[in-house]
Amino acid sequence: MECFKTELDADGILLCTFDVPGKTMNTFTKQALADLLAIAERAKTDAEVKGMVITSGKTTGFCAGADLEEMLGGAWEAKSDPSDPEGALKAGFAAAFEMNRVYRQLETCGKPVAVALNGLALGGGLELALACHYRVLNDGPKTQVGLPEIKIGLFPGGGGSQRLTRLIGAQAALMAMSEGKSFKPKDALSAGIVHEVVPVGQEVEAAKTWIRTKGDPVALWDKKDYKIPGGGPYHPAGAQIFIMANALLRKQSYGNYPAVVNLMRAVYEGLQLPFDSAIKVESRYFVNTLQTPQAKAMIRTFFFSMQQLGKGSGRPAGVEKTDPKQVAVLGAGMMGAGIAYVSAQAGIRVILIDRDDAAASKGKSHCESLVKKAVSRGKMTQEKAQALLDLIVPTSDYTQIAGSDLVVEAVFENTELKEKVTKDAEAQLYTGDKAETAIFGTNTSTIPISLLAKASVDASKFIGIHFFSPVDKMMLVEIIRGKETSDETLAKAIDYVLKIRKTPIVVNDARFFYANRCFIPFTAEGLHLWAEGYAPALIDNVGRATGMPRGPLEMMDDVALDLLVKITSETAKAMGDAYVPIPGEKEVAQMVADGRLGRKNGKGFYDYPEAGGNKSLWPGLSDKFAPTITDSTPELAEDIRKRLLYIQAVTAARCFEEGVISDPREADVGSILGWGFAPWSGGIVSLIDAIGTAKFVEELDELTAKYGDRFAPPQLLRDMAAKGETFYGRFGKTDAAKAA
Ligand code: NAI
C-alpha cells in the first residue's frame, strides 16, 4: 500500500491516512484507488475491523480530486469495461468506472465508514467523502468542499452527480454542480453536505466518536424507505425543477457546455434508477463529455496550461531564479495602487510614488479599502492586513527608489511624461546595491515598449509589465519584450509576476500587444452591428450568448467610452491613411463629448441607476442609429455570433503570423484570463482548432465577402489550412510544457 497508511486502534477502528508520496496535495491516482479497494476488502473480511476513518496526511488538505494527468495521460488505457455498450475503452471511462466501483465497494463494505476532512476536498475528494457514511469537516480558514468539475468542461463522474442529488435534493445539487460551487465549512454544514464541523485537529476524534456511538454502515440511498429531498423527477415537484433548470441552462450557456447538458441528463435519468444502475448512467455520460472538443480544450487550458504558465514555463532557461523584495511603483492612480496592493500581498515592500505626497497617500487609501473588504469577507486576517499595509510606503520622494529590485511605472498614458519619470526613476534605481540587478517595467497599455525604452539608460533592462484592471482581481499579466530586452530581464519580470501569484504570458512589442489587440475588435464589431441597424439589446444578448462575459456595447461601457475614443483617435493618428474608420465611432465620440463616459459615470450605452439595480438602454441611442433589425432568428443570431467571435479569433491568428505571440497555451490562457474570451472554447486558438483551420478559413472568406476585409484570413491560416495543421500542432510547445 503506497498511498494510504492504516492503523487499527484498540476499539477496532481502522484509521486510513491518505498520503500520496512525493506530492504536496493528494489526488486520486490509479495506485490510490487500488489501495482504497484493498482497504474496502479488508473492512469486509477482517472481523477485527469494526469501522473505518479516512483522513489525509497532508497539511494542504484532504484531496483535490482525480489525478487528471494520469487519467488523461494514458495510465488507464489498458483497462477495459466489457459492459460498456459502446465498447469505449477510453482512459477516462476506465478511470471513472474504477473510481465508481471502488467508492461503491467502500460504501457497501458492511462496516461504518467516516471521513475526517482536514481541509480542502474537491472533485473526486468530495466524491469519496460522499461515499462515506459520515462526514466531519474542520473549520480551517482554507477549508472548502465542492464539485468544480464543470469548470474544466466535465461533471462529477465518481458518483458525485448521483450521491449529492440524493443527499441534498436535485435542485440544490444541480445548482452546486452546474456552477462548480465550493462551500465553506459552515455553508457545507447548512447545505447538508457534511454532518459535523469541528475545530482544526479534532476531525479524526469526532469521526471515531461517531463510529463508536452510532456507526451506521448503510448509506442513506441504500435504505429501503429513503426519499430524495424535494422528490425525484417522477415526483411532480421534482419534474418542475428539471423544467426550470433546463430553461435556466439554456439561458446561461446556450448549449455551449455539453458538460452541463450531460450533467442534467445523468441526474434526471439516474434519479429514476436504483443506485448501482444510476452510477453506470453517470459513467456513460461522463465519458461522452470527456470526448467533446469543449472538455478536451477546457481541460488543456484550465488545467494543464494554466498550471504550466503558473510555474513560469515561458521563463528563459539558464537564468538564476530571483526573488524581488522591493518594488517602486510610479503613479499611485487606479493601476499603480492596485499593483502596490498585489505586490504587498505577496510580501514585497512597495515604494508608492506620485507627484505629491497627497496623491501617493490616496493610492495607499485605495489599498486600505481593498484590505478592509478582504477582512470583512473573512479572506484576510487583521494581522495580515496590517502587515500588508505596513509594506506600502507612499511618497513623492524619488530617492526612496534606490535599493528596489524593480520599478513598475504606471503614470498617465503620455509618452513625454513616461520618458521623464523613467529618467528620474532610473537615476535612483541604478545606484546603490541593486544597481546591477534591478530592472524597469512599464505598465503602458498602448505605447510601444521599444519607443519608451529609448528614454532608458539601459534598454536591455527595460520591459513591459502590463496588468489588467482591476489589478487585484485580474489574474493575467502580459509581459512585453522590447527589441533590446534581455533574457535576464524577461526572467526577472516573470519571477516578479509569479511571486505576486499572477499568470504571465510573454508577448512581443506591437500596437496594443496581444490581449487588447484581440479584444478591441470585439467592441468594434458591436459598433458595426449597431450602425447597421441591429437593436442594441439584440447585439448584447447574442454577445453574451457567445460565452463572452458581456455583450460588446455593455463591455464598452465597462471599459469607459472616453478611453475607447482616445484609443481610436490615437490608432487613426498612428496608422494615417491606412486607417479604416469604424461606423459608429463618431457617434460614440459625440456621446463622450455629451458627458456619457460609460459605467464609471452611470451614463453610456446604458443608464445605470445611482441607487444600483438594473441598467436600462439609453433612449437617445435610437436617435443615432434607428434600429431596423430588432427580432432575432436562429440564422441571424448565428451570423452575429460568428462575427463577434471570429473577429477576435482572426486577430489572434494575425498575432501568430506577426510573431506577437508564439505559444498557443499563452494565447488561450491570455484570452480567457485577460478579457474573458468564451471559456467553453478553451480559449481563442482552441476555438479555431476545434472548428478546423480549413473550415475557419472558408467561413472567414464568406464573412469577408459580406462584411469586409477586417475578416480576411492571414496567409498563415491559409498555409495551415492547406496542410491541415492546427495551432497546437504547428506551434504547440509540448516538450517545453512537459519539462516545465
Ligand atoms: P490614473 O490616471 O488613475 O493614474 C495615473 C497616476 O499617475 C495619477 O495618480 C497621477 O497623479 C500619477 N502621475 C502623474 N505624473 C506623475 C509623476 N510625474 N510622478 C508620479 N506619478 C505621476 O491612470 P491609470 O488608469 O492607473 O493608468 C496608469 C497607466 O496604466 C497608464 O499607462 C495606462 O495606460 C496603464 N493601464 C491602464 C489600464 C486601465 O484599465 N486603466 C489597464 C492597463 C494599463
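Mentor: A residue is near a molecule if its C-beta atom, placed from the backbone, lies within 6 Å of it. Keep in mind that this is a predicted model.

Trainee: Which residues come nearest to the ligand?

Mentor: G331, G333, M335, E413 and S469 come nearest, out of 24 residues around the ligand. By class, this shell has 13 nonpolar, eight polar and three charged residues.

Trainee: Which elements each supply at least two residues of that shell?

Mentor: Helices α13 (334-345) and α16 (415-429) do, and so does strand β15 (462-467). The largest share is that of α13, with three residues.

Trainee: Why is α20 called roughly perpendicular to α21?

Mentor: Helix α20 (residues 536-545) packs against helix α21 (residues 552-559) at an angle of about 90°, and their axes are 7 Å apart. Angles of 65 to 115 degrees count as roughly perpendicular, so α20 is roughly perpendicular to α21.

Trainee: Which residues of α20 and α21 meet?

Mentor: From α20 come P536, I539, D540 and G543, and they meet P552, L553 and E554 of α21. That contact has four nonpolar, one polar and two charged residues.

Trainee: What makes α11 largely enclosed by the rest of the structure?

Mentor: A residue is buried if 20 or more other C-beta atoms lie within 10 Å of its own. In α11, 12 of the 16 residues are buried, so the helix is largely enclosed. Among them are E282, R284 and F286.

Trainee: How do you know that the span of α11 agrees with its number of residues?

Mentor: At 1.5 Å a residue, the 16 residues of α11 (residues 275-290) should span 22 Å, and the end C-alpha atoms are 22 Å apart, so the two agree.

Technical notes. Residues numbered from 1 in each chain as written. Predicted model: local features only at pLDDT ≥ 70, side-chain atom pairs only at ≥ 80, totals over all residues. Axes fitted to C-alpha atoms, helices over the stretch in contact; angles between N-to-C directions. Helix = DSSP H or I, 4+ residues; strand = E, 2+ residues; numbered from the N terminus. Parallel < 35°, antiparallel > 145°, perpendicular 65-115°, else oblique. Contact = placed C-beta atoms within 7 Å. Nonpolar A, V, L, I, M, F, W, Y, C, P; charged D, E, K, R; others polar. Expected span 1.5 Å × (residues − 1).
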